[in-house]
Amino acid sequence: MYVRMRAFVYVTACTAIKSFQELLYLSPNFTCANEVHLRLGLMLKHCGEFHVAQKHLQLALLYTYPSTYSELQVKFQIAHLYEVQNKHKAAKDGYEFLLNEKNISLELKADVYRQLGWMYHCVECLGEKKEREANALNFLQKSIEADPKSGQSLYLLGRCYAGINKVHDAFLAYRNSVEKSEGNADTWCSIGVLYQQQNQPTDALQAYICAVQLDKDHKAAWTNLGILYESCGQLRDAYACYLNATKQISFQKSSLIRKKQAIRMKKDTIGLSKGLSQRITFLEGQLSQAPLPSITSKRRQLCSIEEAWNLPISLEMNSRQQQTAQMLPRQVTKQSPVQGPPPPYPHSQLSQSPIPAKRIKEDGTGHQEVTQNNSQTSAQNLINISESLNQRNFNAMPESNKNSEQSVVDTFDEISNDIYKQNETIKLERLSHDALSNNEDSRYDYIGADSADLSTTFKIQMDSKQLMAAVKLLPIDEPPVHCTVLQVNAPPPSPPDCPPQKLTQDQLLPPTPSVHLENKKNAFSPQLQEFCLKHPIAVVRGLAGALKLDLGLFSTKTLVEANPDHSVEVRTQVHQSPDENWDTSQGKRVWACISHRSHTTIAKYAQYQASSFQDSLKLILPQDESDKGFPGSQAMSDSDSKDSVSNSNIVLKRKKHKINSKMLRFGTNVDLSDEKKWKPQLTELQKLPAFARVISAANMLSHVGHVILGMNTVQLYMKVPGSRTPGHQENNNFCSININIGPGDCEWFAVPDAYWGGVHNLCEKNNISYLHGSWWPVLEDLYKENIPVYRFIQKPGDLVWVNAGCVHWVQSIGWCNNIAWNVGPLTARQYSLAIERYEWNKVQAFKSIVPMVHLSWNLARNIKVSDTKLFELIKMCLLQTLKNVLHIQEYVKSKGVEIRFNGRGKNEASHYCGQCEVEVFNVLFIKEQEKRHVVHCLSCALKLSPSLQGIVCLEEYRLSELQRVYDSFTLHRTQGLAYTQ
């Protein structure tokens, strides 16, 4: 029941996030937008989307309107965001900044001191251990002075004392914590640890039982209780406790992956899980051979888990819990230690698990666990697990413990409760319908579906003079409405539903479209481009041979000779089979694809690539010829017509692989844009047909007018076997070209763009961000959701065409290099998908690296369009943006602000708002921040200064120029019927 409730709460949170995002998309300037940014920031923080959460919290700070959180409380949340991302220096600076503020409240000061104190206790990079421990004790004591009722600070103080072996002081702090806080399972677990270390097993048992009664999912208490029982020779009790602990670890790790918490937490949890698995396996063997207990058996040192669960607890604990029950009657049903049956023993067959988890509680590295400080009280067979626990003793704290009791919120329930409890200044739920209609009518009328008058006012048949006259009729007492480049009255974009047709097994494993080129004439034929545009993904075989491309120019040897010190971004990944993605700690397939970023040079990565190959030869030589192959390679033929079917059949028949934890390094995003450094390489690519070239008049991205690294420039990828490019769609849904240089192969997986909404939903279901996250789909999950998957091998010299919107992920089978870039064919489909993603990125607060407005105006200047649908789409973008420019200028003039002409430099990059990262076209609002002149959109400029005083307004293009381009962009008539792609 609780798991279902958590799922409901998670779905509710996702719905609330989506609603708030759409609200800001439609009306970013409404009165309570700062409250929406605040709540979005807190909810996204809870969901692990730290980067986006920080953006919304920063935007909440810009407003002058009152909010449920003070400015300092919001800054505290931002500092805590740095902390949970392990950006400790930034977090420390943020906390210390708050302490220097004169108007900080005692409650917030206590929270800040507590966070600083615990950081000094946990984080090694903050100084020497003795100095850190002294600072930790000092800050925690100051936290208690600021808020004497804080049981949390007392608990952490006890942890610090225990860490430096001041047992008496630790007991006093824990006792005071119990008196101040209501039923804290962490405190009782830590008390149990101290008792166990002092060789008082009965008292330790009592404390652990109290902890697991308060929180049945407390893995550290279950683990320590198991260790206690095992040290006393009571193996069946230990086995039951370990099983309960492993069940809670499995729940909590799924939560950790969703939240992308600290890497340290995840590693420790994995280590603990492995240690427990070893103990469980050992105990299963021992218990299966053990005789049944009899009357003559040796008397047990401790009562059994069932007896301990039902025994009356100590008078001190009972008294405290009765006080808690009286003070917090609503929490008795949730935390009462006397309710519910004890976890049952497994049957003699050792097949039954403990009771299912009733509640999922986040837990990282924070719960204190027993070490071997008193090894004489532990059995010798505890060495394996104790070593893994020893590293965790008093070193870290769970995210639930890191949070302040009033300001830091980490559960959706706490978010809503905490905000509404403090919601004295602004009460969104009490806003009347009249107030909403009076304040927002002018904006919602235009956006809403019923605004027939305005929706017919602006249409692409208007010329610029008519458009200007219509804009002058719009009100200027309020800021202009949100500018969208979609159709008038179009709803906010959202992931589409998958096609409803039920697919057969053969349709779920479609053959990959491929064509083999025999000569240059085939490569330059119009039919090749038509073939590529017709399919979600296509493989062009034999391209290098047909065009006599010198792929050696992109070999590792040539690259090292040309520019050995050139930068390479490195991704450290786990080596796995291409169709599998395992969480090695849980022994199951997952979507989360973890990699860690670093940097090196071409020369250094080349050494790694070569040594990796040499190491593999040493492993291969002793084997029979039939066993030869790279790690992760597959013995299969590559058929042009049946790539997906032949390879996918292996998925269905392949036995479960032994989980491999070997790490590899993938060299990615090597920038080859510098024509001086890479002239021979870039010149060689001019041999490609026009539709596949990096620069071409028929390529939309060649009309941007400035460099977008990796899109309208070439990037190189240097790979060893197992290197993974996780699942994604290309930026703004543009097409892409990928050529395998060799000598090894790559394996590709692809999903048609019509099904990307289904992949997005599966990402959410697996608690991974579709846009921000790193994911590797589980193929069986896709098939269950009726989502087809192309699968094929890319050999050296093969070109892979990824059509607009196609979802894909790639893994190298051998040692190889690849080159890739994006192209934008001049088709209505490509342009439509690009602007749809451009607008959806706004909803998701995700930066679009292709400036679609700037690009659209350049297309209008540079090309003649004969495709009716493409013309209408581009003209609509021009209409919407010119209308917005005119309206903004009228509004700015009404504020008495001068608009200065600035112009644009040659190859000058497009501008984005320094706060919300949306594209800013033509009218730039400049404010000096930290000695830098930062561009803002109108919405963010108004947050900084509602009257726009102190803001410089610049114009990039004369209105006359924009009007001329708008009027000159007309449908180009050709002989015969216009062809629509």
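Helices are taken here as DSSP runs of H or I with at least four residues, numbered from the N terminus. In the predicted model, helix α14 spans residues 263-289 and includes L283. The relative accessible area of L283 is 0%, so this residue is buried, the limit being under 20%. Beyond its neighbours within four places in sequence, L283 is in contact with E230, L235, A238, Y239 and Y242.

The protein as a whole contains 38 helices and 21 strands. It has 981 residues, of which 56% count as buried. Among contacts with a sequence separation of 6 or more, 80% are accounted for by residues 24 or more positions apart.

The largest nonpolar core comprises 70 residues, and the most contacts inside it are made by Y95, V112, W188, L205, W222, L225 and Y229. Helix α11 (residues 201-214) contributes nine residues, the largest share of this core. For L205, the residues touched, not counting those up to four places away in sequence, are L225, L228, Y229, L302, C303 and A308. Another core, of 64 residues, lies apart from the largest one; A860, F921, V923 and L962 are among its members.

A search of the whole structure for cavities of 30 Å³ or more returned 10. The largest cavity holds about 830 Å³ of space. Its lining is made up of 42 residues, with H482, K842, C916, V918 and C937 lying nearest the centre. Two or more lining residues are supplied by each of α1 (2-26), α2 (33-46), α3 (50-62), α34 (828-843), α36 (868-894), β18 (919-920), β19 (923-929) and α37 (938-944). By residue class, the lining of the largest cavity divides into 26 nonpolar, 10 polar and six charged residues.

Strand β10 (residues 735-743) includes N738. With a relative accessibility of 10%, N738 counts as buried, because the limit for that class is under 20%. The side chain of N738 makes a polar contact with the side chain of N818, at 2.9 Å. Leaving out residues up to four places away in sequence, N738 touches W748, Q794, D798, L799, V800, N818, I819 and A820. Strand β10 is also the place of P743. The peptide bond leading from G742 to P743 is cis, and its omega is near 5 degrees.

Backbone torsions were also examined in two loops. N165 is found in the loop between α8 (151-163) and α9 (167-180). The phi of N165 is near 65 degrees, a positive value in a residue other than glycine. At 59% relative accessibility N165 counts as exposed, since exposed residues are those over 50%. N767 is located in the loop between α32 (756-765) and α33 (779-784). Although N767 is not a glycine, its phi is positive, at about 60 degrees.

Technical notes:
Residues numbered from 1 in each chain as written. Heavy atoms only, no water. Buried < 20%, exposed > 50% of the residue type's maximum accessible area, 1.4 Å probe, protein only. Polar contact = N/O pair within 3.5 Å; in protein donor to acceptor, adjacent residues only side chain to side chain. Contact = heavy atoms within 4.5 Å. 1 Å grid on protein atoms, 1.4 Å probe; cavity = no way out; pocket = protein on both sides within 12 Å on 5 of 7 lines; lining within 4 Å. Points joined across faces, edges and corners; volume = space filled by probe spheres on them. Nonpolar A, V, L, I, M, F, W, Y, C, P; charged D, E, K, R; others polar. Core = buried A, V, L, I, M, F, W, Y, C linked by side-chain atoms within 4.5 Å.
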